[in-house]
Amino acid sequence: DWYARLDDHVVPLLHSPADQVEVGAGPLRTPSGWLLVHAYIRDYFGPARRFDVEAALLDPERPERVLSRVSVPLMTAEADYEHRGQVHDVVFPSGALAEDGCLRLYYGAADTACCLAEGPLAPILEALAPVSRESFQVSPLTIHGFRRFSGNPVLAPRAELSWESRAVFNPGAIHLDGRV
């Protein structure tokens with residue numbers, strides 16, 4: 001029955017059928033709706049595959065309904081540890097925490113390291129303010145203030161342990177009361 005009504009359960013985020021959306025971080029409740037930070041993979045099976053981090057705002061009462069989405073990625077692979085690893089050019093959000101006006105995003109980099117990026121939440125929510133109920137695209141913009149943690153990668157492979165020597169996948173962590 002679930003598969004027969006699949007369209008009732010799918011959040012429509014694809015720009016193209018060649019792309020893929022993967023959710024690693026759970027949605028965050030905000031006054032504007034559910035903030036869904038997700039991986040957007042362009043050209044998933046093609047030679048130009050690219051992992052970005054995007055965000056969408058979902059209706060607080062009907063989360064399968066997209067109210068708006070960013071028109072530019074929050075993050076793309078830029079740092080060396082995001083370009084080189086088990087799978088090159090990957091930034092994949094695995095955990096998100098909104099606290100004290102800040103969005104902390106824990107993410108996998110090149111399927112090899114676990115990292116952190118953070119920045120003010122307000123510009124992201126402003127970028128996601130719905131233009132209209134009929135359209136979920138917002139005007140082009142740059143999200144200012146979102147930056148990578150200077151101590152990245154937070155976790156990385158350790159050569160001295162064979163089972164940890166090649167990669168670190170999908171971090172799931174939050175920062176709460178001064179502890180991770």
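1. The accessible surface of the protein chain amounts to about 10000 Å², with 54% of that area belonging to carbon and sulfur atoms. Accessible areas come from the Shrake-Rupley method with a 1.4 Å probe, and for residues only the protein chains shown count as cover. The model is a predicted one, in which local features need pLDDT of at least 70 and side-chain atom pairs count only at pLDDT 80 or more, while totals for chains, interfaces and linings use all residues. Residues are numbered from 1 along each chain as its sequence is written, and side-chain values use heavy atoms, with hydrogens and water left out.

2. The protein chain contains 2 helices and 10 strands; helices (H or I, at least four residues) and strands (E, at least two) are DSSP runs, numbered from the N terminus. Read from the N terminus, the order of elements is β-β-β-β-β-β-α-β-β-β-α-β.

3. Of the 180 residues in the protein chain, 39% are buried. Here buried stands for under 20% relative accessible area, exposed for over 50%, and partly exposed for values in between (1.4 Å probe, protein chains only). Among contacts between residues at least 6 apart in sequence, 54% join residues at least 24 apart, a contact being heavy atoms within 4.5 Å.

4. Trp2, Tyr3, Leu6 and Val10 make a nonpolar surface patch of about 450 Å². Patches are made of residues with over 30% relative accessible area and no salt bridge, with like charges joined within 9 Å and nonpolar side chains (Val, Leu, Ile, Met, Phe, Trp, Tyr) within 5 Å; a salt bridge is a side-chain nitrogen of Lys or Arg within 4 Å of a carboxyl oxygen of Asp or Glu. Tyrosine 3 is located in the segment before strand S1 (20-22) and counts as exposed because its relative accessibility is 69%.

5. Aspartate 100 is exposed, its relative accessible area being 80%. Alanine 110 is buried, since its relative accessible area is 0%.

6. The peptide bond from asparagine 152 to proline 153 is cis, with omega near -10 degrees. Proline 153 is placed in the segment after strand S10 (147-148). Most residues other than glycine have a negative phi, and most peptide bonds are trans.
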